[in-house]
Amino acid sequence: MTQPAVHGQFRHDTPQDGSRPQWQNGVLHPGHYGHREAGLDGATGLPATPAVSWRKAAVIAASGIVVGLLWWILAPSGLNLLSGNPDLRSGGNTEGWLPRDLVLAALFLLAGCISGAVASGNKHSEPSGRDVLLAVGAGVLGTLAAWGTGVLCGLVWGTPEDTSASASIAFSLRSLAVLAIWPASTALAIFLNTVFATPRPEAE
């Protein structure tokens, strides 16, 4: 007497949806959710790599030195290359204090957008919470590096001036709120790229 076949015992009876591992040509392939659980890229099946590595974070933070140099070169009280007005070369001219802060703010905004683009991952995977924290933290370090570099350039290469009336006469930053622009714009760029650029998986 033959025994009745048990349903689901053989491989061809196993549900073949994308959410479970499947056998193909003798190789077990993880399904849609299997890639996530195994730490694999959902499109290529290769091991997923973080969007922001420690090396990238170090480069983002170190770029603050370049931003600080540009601030000194472009802004009033520094080399004042952007306006070219010789009256703004002196820190004693109060009309140059606000543009000096605005130049640094614009540089921070540009650096934050670039950092956010680097941390946004690719079209197949969204950035993880680790990527976001690492990019924002690197932006904070880059901000401090830029601020310190600009002030140091003013001390080394700037014209000595009497700052007894106001510390803003020296090459410096009056509004400390500018320091939040780089990390904030990094987080915003990651959010916008995730919402509008990364394709969402189809609902099953």
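Helices (H or I, at least four residues) and strands (E, at least two) are DSSP runs, numbered from the N terminus. On that basis, the protein described here has five helices and two strands, which follow the pattern β-β-α-α-α-α-α along the sequence. This is a predicted model, in which local features need pLDDT of at least 70 and side-chain atom pairs count only at pLDDT 80 or more, while totals for chains, interfaces and linings use all residues. Residues are numbered from 1 along each chain as its sequence is written, and side-chain values use heavy atoms, with hydrogens and water left out.

**Overall packing and surface**

- Of the 204 residues of the protein, 32% count as buried; buried means under 20% relative accessible area, exposed over 50%, and partly exposed in between (1.4 Å probe, protein chains only).
- Among contacts with a separation of 6 or more, 68% join residues 24 or more positions apart, a contact being heavy atoms within 4.5 Å.
- The protein exposes about 12,700 Å², and carbon and sulfur atoms supply 64% of this area. Accessible areas come from the Shrake-Rupley method with a 1.4 Å probe, and for residues only the protein chains shown count as cover.

**Helix α2 and its surroundings**

- Helix α2 covers residues 54-74. Its 21 residues should span 30 Å at 1.5 Å a residue, and its end C-alpha atoms are 31 Å apart, which agrees; the expected span is 1.5 Å times one less than the number of residues.
- The buried residues of α2 are Ala57, Ile60, Ala61, Gly64, Val67, Gly68, Trp71 and Trp72. Their cover includes α3, α4 and α5 (181-196).
- An α-helix has 3.6 residues a turn, so residues three or four places apart point the same way.
- Ala58 also lies in α2, but it counts as partly exposed because its relative accessibility is 46%. The C-alpha atoms of Ala58 and Gly142 are separated by 9.1 Å, although these residues are 84 residues apart along the chain.

**Helix α3**

- Ser115 is placed in helix α3 (residues 97-118) and counts as buried, at 4% relative accessibility.
- The side chain of Ser115 makes a polar contact with the side chain of Trp182 (3.3 Å). A polar contact is a pair of N or O atoms within 3.5 Å; within protein, one must be able to donate a hydrogen and the other to accept it, and residues adjacent in sequence count only if both atoms are side-chain atoms.
- Leaving aside neighbours within four places in sequence, Ser115 is in contact with Ile60, Trp182 and Thr186.
- Ala106, also in α3, is partly exposed, with a relative accessible area of 47%. Ala106 and Trp71 are 35 residues apart in sequence and 9.6 Å apart in space, C-alpha to C-alpha.

**Nonpolar surface patch**

- Ile65, Leu69, Leu152, Leu155, Val156 and Trp157 form a nonpolar patch on the surface, with about 640 Å² of accessible area together.
- Patches are made of residues with over 30% relative accessible area and no salt bridge; like charges are joined within 9 Å and nonpolar side chains (Val, Leu, Ile, Met, Phe, Trp, Tyr) within 5 Å.
- Helices α2 and α4 (129-157) each supply at least two residues of the patch, and the largest share, four residues, comes from α4.

**Salt bridge**

- The structure holds one salt bridge, defined as a side-chain nitrogen of Lys or Arg within 4 Å of a carboxyl oxygen of Asp or Glu.
- Arg130 forms the salt bridge with Asp131, the closest N and O atoms being 3.4 Å apart.
- Arg130 counts as partly exposed, at 37% relative accessibility, whereas Asp131 counts as buried, at 3%.
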